[in-house]
Amino acid sequence: MSASKHFTKRFRAKNLRQLFTDKIRNTSTVGIDRMRPSKLHTTLNQEISVITSKVANSTYKFTAYKQKLISKGAGHTPRILSIPTARDRIVLRALCQALQDVFPDATPSIPQIKIDALKEALNSGKFHEFVRLDLRNFYGSISHTVLYRSLTKRIRKKAFLHLIQSAIKTATIPDGSASATAPSNSLGVPQGLAISNQLAEISIKEIDDAIAARDDIAYFRYVDDILILCSSGNAKAVAQDAINHLTAREFQPHELSAPNSKSRIGSLSEPFTFLGYQVHNAKLSVRRESIHKLESALAAIFTNFRYKMELARTPEQRDAAIRICQWRLNLKITGCVYEGARRGWVFYFSQINDTACLRSLQKTVMTLIQRFSVTGLISPKSFLKTFYESRRKEKSSHTYIPNFDTMDVSEKKEVLTIFLGKAKVAPLSDKRVEQLFSMRIRHAVKELEADLGSLS
């Protein structure tokens, strides 16, 4: 199927309506217009009519994105996320689908696939040195000229190209700022859009192909994090070759010689990190910073519990605080399956072959239970058991780990009862249960993803 036909298919009213229902309606994120996605439902047919007609004649314009700053810690410039309006999110979702149809070989893969391939390369015994390259301001440095050159190799339809250009040129502004005077974006791809990752992959795919074509190396890249394994004595030359490919297309790798550079070369006998994993002599464990981050998140659950207990005035309120603490704790330990994906800390690090950190984390949980005097009141699940369960390939086989996709309405009511109480949940319609459950789980999944943070 041609790019034009894929584009037309994805921007049919039926598909746009489905995207809104499945991906947007029950979310709480608001753009610069401050309209909640659920409010769009009342005028959805009219909005979709506007989308289809303006996209078709290349007159669709995106509203300025709302700026959201994500802290990267002291001394680091915060990451800027771009938050579209609800209507623009429908358009961007459909545009992402069309791009995935046309560039299936440039669709982002999950980190676990990269780590699995890395394990295989390490165990092969063919490689003795590594090259770690990190790209400076990856999304923000993507050249529009380089990106358009890649896009036009497979896309000819003007409306398709115009919509992509409009999306990445739209300004990102602080909430409350005037959008009319905001200059258009002339460099980089805004982060946080449905199309951001796909466009980034398209922009760098030719470089991936050129470097990976060498038969004397093993090449891995995830977003801005690059790892290359090579034979003894070749790391410096391999690194320079990769840097030449990257700079020729206007990417900005950190220099190997710069002080405290994130880019480096070394022997496989030296420990190094990749995607949050600690790699040393073919042994994969978890980077210490990643463990500390989860330990802090576990402690925060108990601190929040103590606060709720201090405010509780009735036995029912104290029981509710205990139920919520146990649910949040166990979800933090096990993660979950949601929207077809495995989520959570253990799922992410399921490729480790050193489980000492899992036993340490379980000890941390038991220490927190004793410290906050809830021994016998809260029964935690096991990190180690979760780890072995997480390695099952078939999602439907998980029993220890909650699968929110397969829960029926009665099971969803049970989850909501933990937070709202039986009296409030019992009279709710099935439709309202579905809405509240979706909102609750989306929020919980965001917390699970926050535990992973920056893994480069």
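Angles under 35 degrees count as roughly parallel, over 145 as roughly antiparallel, 65 to 115 as roughly perpendicular, and the rest as oblique. The angles run from 0 to 180 degrees between N-to-C directions, and axes are lines fitted to C-alpha atoms, for helices over the stretch in contact. Helices (H or I, at least four residues) are DSSP runs numbered from the N terminus.

The model is predicted: local features need pLDDT of at least 70, side-chain atom pairs count only at pLDDT 80 or more, and totals for chains, interfaces and linings use all residues. Residues are numbered from 1 along each chain as its sequence is written, and side-chain values use heavy atoms, with hydrogens and water left out.

**Stop 1: H2 and H3**

Select residues 13–24 (H2) and 44–56 (H3), whose axes come within 10 Å and cross at roughly 125°. H2 and H3 are therefore oblique to each other. Their crossing is right-handed, meaning that the near helix is turned clockwise from the far one by less than a right angle, with anticlockwise giving left-handed. Show Ala13, Leu16, Arg17 and Phe20 of H2, which meet Leu44, Asn45, Ile48, Ile51 and Thr52 of H3. Contact here is heavy atoms within 4.5 Å. The residues of this contact comprise six nonpolar, two polar and one charged; Ala, Val, Leu, Ile, Met, Phe, Trp, Tyr, Cys and Pro count as nonpolar, Asp, Glu, Lys and Arg as charged, and the others, Gly among them, as polar.

**Stop 2: H4 and H7**

Next select residues 86–102 (H4) and 158–169 (H7), which pack at about 125° with axes 11 Å apart. That makes H4 oblique to H7. The crossing of this pair is left-handed. On the H4 side are Val91, Leu92, Leu95, Ala98, Leu99 and Val102, meeting Phe160, Leu163, Ile164 and Ala167 of H7. The contact of H4 with H7 has ten nonpolar residues, no polar and no charged.

**Stop 3: the cores**

A nonpolar core is a set of buried Ala, Val, Leu, Ile, Met, Phe, Trp, Tyr and Cys residues joined through side-chain atoms within 4.5 Å. Buried means under 20% relative accessible area, exposed over 50%, partly exposed in between (1.4 Å probe, protein chains only). The largest core has 65 residues, and Phe11, Leu99, Leu151, Ile155, Phe160 and Leu199 have the most contacts inside it. H4 gives the most to this core, with ten residues. Centre on Leu199: beyond four places in sequence, its contacts are Leu99, Leu147, Leu151, Ile164, Ile168 and Val189. Another core, of 46 residues, lies apart from the largest one and includes Leu229, Leu284, Cys325 and Phe349.

**Stop 4: Gln362**

Finish at Gln362, in helix H13 (residues 356–371). Gln362 is buried, with a relative accessible area of 17%. Not counting residues up to four places away in sequence, Gln362 touches Pro380, Lys381, Ser382 and Phe383.

Technical notes:
Helix = DSSP H or I, 4+ residues; strand = E, 2+ residues; numbered from the N terminus.
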